[in-house]
Amino acid sequence: AVSAPVAGTPPAPAASPAETGAARALPEEYAPAESAGSSVPTAAPEMKIRTVMVETEMTFGEFAAKHGTDTARLNDLNGLDLASATILAKGSELYVPTQP
């Protein structure tokens, strides 16, 4: 969850999926691959991801750079459409690709 900057008000802390009781669904291309005997083709090799909590307020672009990726990949992976300058609230959680 993220918070966009609003003039004059601090960003509200975002509720984690555990707090809201909601499960976060991964985009289909990041879901676990089918079993070896499956006839379903896989378009890309399986990408490993992890959840990262924002420890201090920073922009979405800074967060992407800190984790060795770009905002387009993070937006895709998290089902978001955030600008690079969007401020992330402390405590927000985002999926990021693991480094090889």
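I started with helix 3 (residues 71-78) and listed its buried residues: L74, N75, L77 and N78. For me, buried means under 20% relative accessible area, exposed means over 50%, and partly exposed lies in between (1.4 Å probe, protein chains only). Helices (H or I, at least four residues) and strands (E, at least two) are DSSP runs numbered from the N terminus.

A note on the source: this is a predicted model, where local features need pLDDT of at least 70 and side-chain atom pairs count only at pLDDT 80 or more, while totals for chains, interfaces and linings use all residues. Residues are numbered from 1 along each chain as its sequence is written, and side-chain values use heavy atoms, with hydrogens and water left out.

**Around helix 3**

Next I looked up what covers those buried residues, and found strand 1, helix 2 (60-66) and strand 4 among the elements. Contact here means heavy atoms within 4.5 Å.

I then checked the two ends. After the helix comes G79, and its phi is positive, near 65 degrees.

**Strand 4 and its partner**

Is strand 4 enclosed or open? I found 4 of its 5 residues (93-97) buried, so the strand is largely enclosed by the rest of the structure. It pairs with strand 1 (residues 49-53) in the antiparallel sense, over 5 bridges; two strands pair if DSSP finds at least two bridges between them. In that pairing I see I49 opposite P97.

**Two loop residues**

I looked at S92 in the loop between strand 3 (87-88) and strand 4. S92 is buried, at a relative accessible area of 1%. Its side chain reaches the backbone oxygen of A89 at 2.8 Å. I count a polar contact as a pair of N or O atoms within 3.5 Å; within protein, one must be able to donate a hydrogen and the other to accept it, and residues adjacent in sequence count only if both atoms are side-chain atoms.

T86 sits in the loop between helix 3 and strand 3, and it is buried too, with a relative accessible area of 10%. From T86 to T59 I get 5.3 Å, C-alpha to C-alpha, across 27 residues of sequence.

**Whole chain**

Finally I stepped back: the protein chain has 3 helices and 4 strands, in the order α-β-β-α-α-β-β. Of its 100 residues, 28% count as buried. Among contacts with a separation of 6 or more, 68% come from residues 24 or more positions apart.
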